[in-house]
Amino acid sequence: MFRVLVTRAARVSAPTNRNALVSFSRYAHSLQFATVEAEEVSGSRPAEVLNLVQGKWVGSSNCNTIVDPLNGDSFIKVAEVDEAGIQPFVESLSSCPKHGLHNPFKAPERYLMLGDVTTKAAHMLSLPKVSDFFTRLIQRVSPKSYQQAQGEVYVTQKFLENFCGDQVRFLARSFAVPGNHLGQQSHGFRWPYGPVAIITPFNFPLEIPVLQLMGALYMGNKPVLKVDSKVSIVMEQMLRLLHNCGLPAEDVDFINSDGKAMNKLLLEANPRMTLFTGSSRVAEKLAGDLKGRIKLEDAGFDWKILGPDVHQEDYIAWVCDQDAYACSGQKCSAQSLLFVHENWSKTSLISKLKDLAERRKLADLTIGPVLTVTTETMLEHVNKLLEIPGSKLLFGGRPLEDHSIPSIYGAIKPTAVYVPLEEIVKDKNYELVTKEIFGPFQIVTDYKSSQLSIVLDALEKMHAHLTAAVVSNDPLFLQEVIGKSVNGTTYAGLRARTTGAPQNHWFGPAGDPRGAGIGTPEAIKLVWSCHREIIYDIGPVPEHWEIPPST
């Protein structure tokens with residue numbers, strides 16, 4: 001069914017284009033945990049998404065009908081909890097004490113249980129039929145190429161492999177320091193927050209919620225999880241897999257709701273910590289509402305600088321295309337602003353980037369629907385930029401053609417607009433140029449060696465510091481740029497990119513004490529635990545001790 005939808009959306013009939021699509025075979029009886037068939041979710045066979053609270057899957061009298069991003073059909077019915085229905089979730093979260101479901105002094109066997117659950121889940125995701133199921137399900141709700149969707153499943157599976165067995169309890173490793181006298185020692189422990197909340201966006205329906213959810217559980221917390229309703233079916237199925245692998249159903253609550261209902265839940269349940277991944281506007285509102293008890297991985301207007309040393313032109317062009325336009329630019333790490341050193345102007349970099357962008361097709365979802373920005377909004381932004389003196393359209397800037405993507409979503413060709421550096425840094429233009437467009441769009445500019453300080457000043461003025469790339473093998477150039485920038489995940493060297501959040505390194509912003517990380521032991525401990533110091537002082541009291549004078 002999904003293959004038919006993609007083909008219809010692109011309106012192509014040539015056999016070569018059909019062959020570019022991955023064939024969808026059926027697994028009508030093979031996945032014990034699954035309640036849907038990914039390739040059959042459609043307007044004629046809509047799927048249903050439930051909520052999980054106090055260990056039970058429950059529906060709701062309210063239904064949010066999700067529109068198929070490829071053809072506009074109503075293809076998923078999400079049982080959404082309204083403001084009047086949050087009480088069971090409030091009670092469930094409130095039942096968890098501040099000291100958590102487990103900690104180093106309470107129920108330590110849960111560290112072992114979660115290690116076993118993780119081992120089984122990692123094995124399940126390694127099975128081709130399970131990996132393929134989640135890959136296709138991701139494609140249905142957040143259309144991206146099979147390779148991009150599969151990459152998300154792969155990273156999630158590798159993350160789970162990293163925390164099998166004893167690795168969960170190793171996260172809670174403590175330390176001790178000798179005291180001032182016999183019998184005194186201080187011990188530092190990682191302590192859970194207890195009741196916590198996780199709010200994640202649409203663009204990575206599996207990777208972001210799984211990595212944050214498991215980190216929260218590992219450290220002893222009880223989370224309530226909310227995923228964007230457009231894609232929450234993916235995480236609903238993953239929770240069923242985790243239950244199948246031995247995760248107690250009561251350990252996690254899963255809620256579908258709109259923003260108002262979730263906000264009310266947070267205010268009434270008062271979680272001790274909330275992890276939010278999403279827009280800066282919502283992040284700042286929640287930070288105020290929750291009185292700072294929050295960690296953020298919000299918007300990213302991410303930059304890349306091509307240094308003065310020119311190497312591997314084809315490779316650099318390919319990485320730039322991937323960074324800007326893979327997943328139709330709907331990554332918080334997508335390349336938003338490309339600074340090109342004047343030495344690159346003597347090459348055919350931009351023309352090669354244009355050629356790579358123009359080979360992207362809706363038929364294989366290497367370009368596709370933009371789920372949070374309409375076509376009109378993106379093209380209006382392009383037109384405003386073209387009013388800046390010296391700016392020009394490098395490529396794109398037009399709607400996709402011959403498709404059935406509904407108008408509530410965006411559909412434009414991969415687009416790049418050139419804006420002169422001296423115009424970017426003007427106060428009247430800076431806010432417009434650095435506005436994040438969560439779609440297949442980037443700004444390109446150029447600079448001379450003597451203008452590097454202007455480039456660095458432009459970076460200093462930015463408010464989002466998630467990812468960045470410094471493409472150069474010149475150590476002095478790298479030293480200069482890295483030393484005068486902030487971004488929390490910065491790639492440096494010839495093969496530097498802006499995108500990519502694998503399980504093997506920290507991914508998160510810097511420069512903000514509320515900044516959250518994801519994926520690594522350091523990120524898990526930072527986000528999902530706090531420090532607790534226990535000072536043992538057991539004696540003995542010195543022989544012949546007497547009460548001293550008052551002080």
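Ser328 is buried, at 1% relative accessible area; buried means under 20%, exposed means over 50% and partly exposed covers what is in between, with a 1.4 Å probe and protein chains only. The model is predicted, so local features need pLDDT of at least 70 and side-chain atom pairs count only at pLDDT 80 or more, while totals for chains, interfaces and linings use all residues. Residues are numbered from 1 along each chain as its sequence is written, and side-chain values use heavy atoms, with hydrogens and water left out.

**Single residues**

Ser328 sits in the loop between H12 and strand S14 (335-341). Helices (H or I, at least four residues) and strands (E, at least two) are DSSP runs numbered from the N terminus. The phi of Ser328 is near 55 degrees, which is positive although the residue is not glycine. Lys291 also is not a glycine and has a positive phi, of about 55 degrees. Lys291 is located in the loop between H11 and strand S12 (294-297). With 68% relative accessibility, Lys291 counts as exposed.

| Residue | Relative accessibility | Class |
|---|---|---|
| Pro192 | 3% | buried |
| Arg240 | 16% | buried |
| Arg359 | 49% | partly exposed |
| Lys291 | 68% | exposed |

Pro192 belongs to the loop between strand S7 (184-191) and S8. Leaving out residues up to four places away in sequence, the contacts of Pro192 include Lys98, His99, Met219, Trp528 and Cys530; contact means heavy atoms within 4.5 Å. Pro192 and Thr377 are 185 residues apart along the chain, and their C-alpha atoms are separated by 43 Å.

Arg359 lies in the loop between helix H13 (349-358) and helix H14 (375-385). Its C-alpha atom is 9.8 Å from that of Pro414, and the two residues are 55 residues apart along the chain.

The peptide bond from Gly539 to Pro540 is cis, with omega near 15 degrees. Pro540 is part of the segment after strand S20 (530-537).

**Helices H5 and H9**

Two packed helices are described by the angle between their axes and by the distance between the axes. Helix H5 (residues 128-141) packs with helix H9 (residues 232-244) at about 160 degrees, and the axes are 9 Å apart. This makes H5 roughly antiparallel to H9. Axes are lines fitted to C-alpha atoms, for helices over the stretch in contact, and angles run from 0 to 180 degrees between N-to-C directions. Angles under 35 degrees count as roughly parallel, over 145 as roughly antiparallel, 65 to 115 as roughly perpendicular and the rest as oblique.

On the H5 side, Val130, Phe133, Phe134, Leu137, Ile138 and Val141 take part, and they meet Ile233, Val234, Gln237, Met238 and Leu241 of H9. The residues of this contact of H5 with H9 comprise ten nonpolar, one polar and no charged. Ala, Val, Leu, Ile, Met, Phe, Trp, Tyr, Cys and Pro count as nonpolar, Asp, Glu, Lys and Arg as charged, and the others, Gly among them, as polar.

Arg240 is also found in helix H9. Not counting residues up to four places away in sequence, Arg240 touches Phe33, Thr35, Leu50 and Trp57.

**Pockets and cavities**

On a 1 Å grid over the protein atoms alone, a cavity is a set of points where a 1.4 Å probe fits but cannot get out, a pocket is an open set with protein on both sides within 12 Å along at least five of seven lines, and lining residues have an atom within 4 Å of a point. Grid points are joined across faces, edges and corners, and a volume is the space filled by probe spheres set on the points.

The largest pocket holds about 1300 Å³ of space. Its lining has 48 residues, and Phe276, Gly278, Ser279, Ser280 and Val282 lie nearest the centre. H11 gives the largest share of this lining, five residues. The lining of the largest pocket divides into 20 nonpolar, 15 polar and 13 charged residues.

The second largest pocket holds about 580 Å³. It is lined by 26 residues, and Lys331, Arg497, Thr499, Gly500 and Ala501 are the closest to its centre. Helix H6 (146-162), helix H8 (207-218) and helix H12 (313-325) each supply at least two residues of this lining.

The structure also has three cavities of 30 Å³ or more. The largest cavity has a volume of about 60 Å³. Among the 14 residues lining the largest cavity, Gly329, Ala334, Ser336, Ile437 and Gly439 are the closest to its centre.
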